[in-house]
Amino acid sequence: SIYDEASVPVYTLPDLLIQEDGLPVTTTDTWQQKRRPELLRLFAENVFGQTPPVTGDVDFEVTGEGTAFGGRAMRKEIVVRIGEARFHLLLYVPTDSPKPCPAFLGLNFLGNHTVSDEPGVTPVPQWKRDGEKPGVVYHLPATPRGDQASRWQVETVLKRGYALATACYEEIEADFGGGAKRGIRASLPITEDAECGAIGTWAYALSRAMDCLEHEPAVDARRVALIGHSRLGKTALWAAAQDERFALVIANNSGEGGAAISRRRFGENIADLVRNFPHWFAARYAHYADNEDALPVDAHSLLALTAPRPLYVASATEDLWADPRGEFLGAKATESVYHLFGNKGLGNATFPAPDTPVGDTVRYHLRTGKHDVTAYDWEQYLDFADTHFATR
Ligand code: GCU
């Protein structure tokens, strides 16, 4: 891996406003009708794989309901069912705010009961591999309640007037090779030759969670901010690219395969991803290991699929593996598309000093510290959502 700027190769990014047939994109109609579908297809074929179709009914069963945080919120536990496939969505709605209220939605790493120490949440079994005993897989809630609380800041989110919805990514699909057998993909209607990676499956579940929020009268489904950290930041970007119902997207430390420009080869590379996490992607992605210039898209193409919706990309100073400058440049390179929509995008921003957010409809910050989601990050995301949701 490269860790100094002087060693970053010279590269040219694919032009977002030139279609595969060489014709330019000069109107938002052409972007929406032609270039967007084309880019989505290129990502499906080369990076994330095909997303499963929704064939049968999606239904929602409330399995638990109660007050939480001393009456500050109502808690709902909802089983989202897609035919035989199912996962648990945890929803908190602030009691005192005008309804319907905006919401944040994101997948969590370690279980719904870990996002806060609120005692009413039912731990849901999730797939875990035993690191010490290769081949041994457990289906259990392994992590203590509240373990991930600092990454979710649930009470702050509620105080600011937002609902919060979350599901555990490893209930949806186990995060290791062969994980597709454990989780919803096993019961989804996927044809044999269709390839969908784990990221594609997690993204699919986010859209089904959105289906569920559309049925929640207390939540304004037109003001749902999708948030994801790291591999789940890559997932959030792919989900929002495909599903325009997500009104705002936050990619926190999403790195390679997310917001970071692959052609820079700084920090993590495609070769690292396909060696360590081949199950996240379409098999074809391996073709671009040490061969980034052949990839018909790059991170800016994925980020631009969020346009003209508000997009927040965030990095951390010590998270060089994710290539902070590459994440900034990914966000920056979406500007032609945001401009097409008459939108400011990231504006004239240059790579900022730590803890100094920049940009407009596309926003970016470099937080001091390590690979994580912190109270500082949430403060910026809440302000960003306030700004953009107030004007809708
Ligand atoms: C690894 C991986 C990254 C990923 C991260 C995470 O570090 O290399 O691509 O973003 O895990 O999900 O925490």
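For this tour, Ala, Val, Leu, Ile, Met, Phe, Trp, Tyr, Cys and Pro count as nonpolar, Asp, Glu, Lys and Arg as charged, and the others, Gly among them, as polar. Keep in mind as you click along that the model is predicted.

**Stop 1: the ligand**

Now look at the oxygen atoms of the ligand. Which distance separates a ligand oxygen from the side chain of Ser-230? An N or O atom of that side chain is 2.6 Å away from a ligand oxygen. Move on to Arg-231, where a polar side-chain atom sits 2.5 Å from an oxygen atom of the ligand. Then pick Glu-268: an N or O atom in its side chain is also 2.5 Å from a ligand oxygen. On its own the ligand has 320 Å² of accessible area, and the protein covers 82% of that.

**Stop 2: a pair of helices**

Next, select residues 28-48, which form helix α1, and residues 231-242, which form helix α6.

Show the side chains where the helices meet. From α1, pick Arg-36, Leu-40, Phe-43, Ala-44 and Phe-48; from α6, pick Trp-238, Ala-240, Ala-241 and Gln-242. By class, this contact has seven nonpolar, one polar and one charged residues.

**Stop 3**

Phe-69 is not a glycine, yet its phi is positive, at about 55 degrees.

Then select Lys-99 and Pro-100. Is the peptide bond joining them cis or trans? This bond is cis, with omega about -5 degrees. Pro-100 belongs to the loop between β3 (85-94) and β4 (101-108).

Finish at Ala-307 and Pro-308, which are joined by a cis peptide bond with omega near 0 degrees. Here the loop holding Pro-308 runs between α8 (299-304) and β10 (311-316).

Methods: Residues numbered from 1 in each chain as written. Predicted model: local features only at pLDDT ≥ 70, side-chain atom pairs only at ≥ 80, totals over all residues. Heavy atoms only, no water. Polar contact = N/O pair within 3.5 Å; in protein donor to acceptor, adjacent residues only side chain to side chain. Areas by Shrake-Rupley, 256 points an atom, 1.4 Å probe, with all protein chains shown as cover. Axes fitted to C-alpha atoms, helices over the stretch in contact; angles between N-to-C directions. Helix = DSSP H or I, 4+ residues; strand = E, 2+ residues; numbered from the N terminus. Contact = heavy atoms within 4.5 Å.
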